[in-house]
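Subject: Structure for your files

Hello,

Here is the structure I said I would send. My notes on what was found in it follow below.

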Amino acid sequence: RTLPAESIVPNPEPYPDDMVEMFIEPVLSQSGHLDLKNVPIGLLPHECPKQRFEVVNPSSVDAYFELDVSRVTDMLDENFRVEVFRLPINKGLVGKRSSIYLDVYFQPIECREYLLDIPVRYISGSWYMNQKNDGSRNRSRRSNANWQTSSIMLRGSGYDPRVIRPSLPAS
């Protein structure tokens, strides 16, 4: 998938090899959250609707990203061991001037709003490929690697489908 023509700069200045820029789509709401669709409570894991967001890499180099899903596992204790947010893919490579979609499965167990802040770190794809070809992942903890960080705040609400919502009176 390529970016629409209006989002490509006519004469972009080349980025240095270690400069990477990424955006999370759809555009975040005014509050800075990625709003998921409301989902009824009581769904089984295979019944949860798949919701997607897009990771866009407008830079001129490939980008490797990692989502820190440790907070998802931290939420298990407060939600009766139910994985409220499930992210099947938590790392990947986004080609230059392209994007990928990441799936989120939201399974609320209560009629309330759920918030989850997911730290994201990303780096030049060439650095990642060098590490992969080395066979040694120990170098990934080097302090001179130019990891950049961001975060995604997921927000979703559960509702009870048995409760009838009042409708507006006809005028």
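Cys-111 has a relative accessibility of 47%, so this cysteine counts as partly exposed. Cys-48, on the other hand, counts as buried because its relative accessibility is 8%, and the cut-off for buried is under 20%. Please keep in mind that this is a predicted model. A disulfide is a covalent bond between the sulfur atoms of two cysteines. With a cut-off of 2.5 Å between cysteine sulfur atoms, the count of disulfides is zero.

As for the overall layout, the protein has 10 strands and two helices. Their order along the sequence is β-β-β-β-β-α-β-β-β-β-α-β. Of the contacts with a separation of 6 or more, 82% are between residues 24 or more positions apart. The protein has 171 residues, and 35% of them are buried. Its accessible surface is about 10,900 Å², with 51% of that belonging to carbon and sulfur atoms.

The largest nonpolar core consists of 23 residues, and Phe-53, Phe-85 and Leu-154 have the most contacts inside it. At least two residues of this core come from each of the following: strand 4 (50–57), strand 5 (63–67), helix 1 (70–78), strand 8 (98–106), strand 9 (113–124) and strand 10 (148–159). Strand 9 gives the largest share, five residues.

Two of these strands can be taken in turn.

Strand 5 is largely enclosed by the rest of the structure, because five of its five residues are buried. Ala-63, Phe-65 and Leu-67 point one way from the strand, Tyr-64 and Glu-66 point the other way, and all are buried. Strand 5 pairs with strand 7 (residues 91–94) in the antiparallel sense, over four bridges. It also runs antiparallel to strand 9, to which five bridges join it. Phe-65 takes part in both pairings: it stands opposite Gly-92 in strand 7, and its bridge partner in strand 9 is Tyr-122.

Strand 4 is mostly covered, with six of its eight residues buried. Its antiparallel pairing with strand 8 extends over eight bridges. Within that pairing, Val-56 is opposite Ser-99 of strand 8.

Strand 8 also holds Ser-98. Ser-98 has a relative accessible area of 16%, so it is buried. Its side chain reaches the backbone oxygen of Gly-95 at 2.7 Å.

Last, the backbone. Most residues other than glycine have a negative phi. Phi of Arg-97 is near 50°, a positive value although the residue is not a glycine. Arg-81 likewise has a positive phi, of about 65°, and is not a glycine. Arg-81 sits in the loop between helix 1 and strand 6 (85–86). With a relative accessible area of 58%, Arg-81 is exposed, since the cut-off for exposed is over 50%.

Regards

Terms used
Residues are numbered from 1 along each chain as its sequence is written. This is a predicted model: local features need pLDDT of at least 70, side-chain atom pairs count only at pLDDT 80 or more; totals for chains, interfaces and linings use all residues. Side-chain values use heavy atoms; hydrogens and water are left out. A nonpolar core is a set of buried Ala, Val, Leu, Ile, Met, Phe, Trp, Tyr and Cys residues joined through side-chain atoms within 4.5 Å. Buried means under 20% relative accessible area, exposed over 50%, partly exposed in between (1.4 Å probe, protein chains only). Contact means heavy atoms within 4.5 Å. Accessible areas come from the Shrake-Rupley method with a 1.4 Å probe; for residues, only the protein chains shown count as cover. Two strands pair if DSSP finds at least two bridges between them. A polar contact is a pair of N or O atoms within 3.5 Å; within protein, one must be able to donate a hydrogen and the other to accept it, and residues adjacent in sequence count only if both atoms are side-chain atoms.
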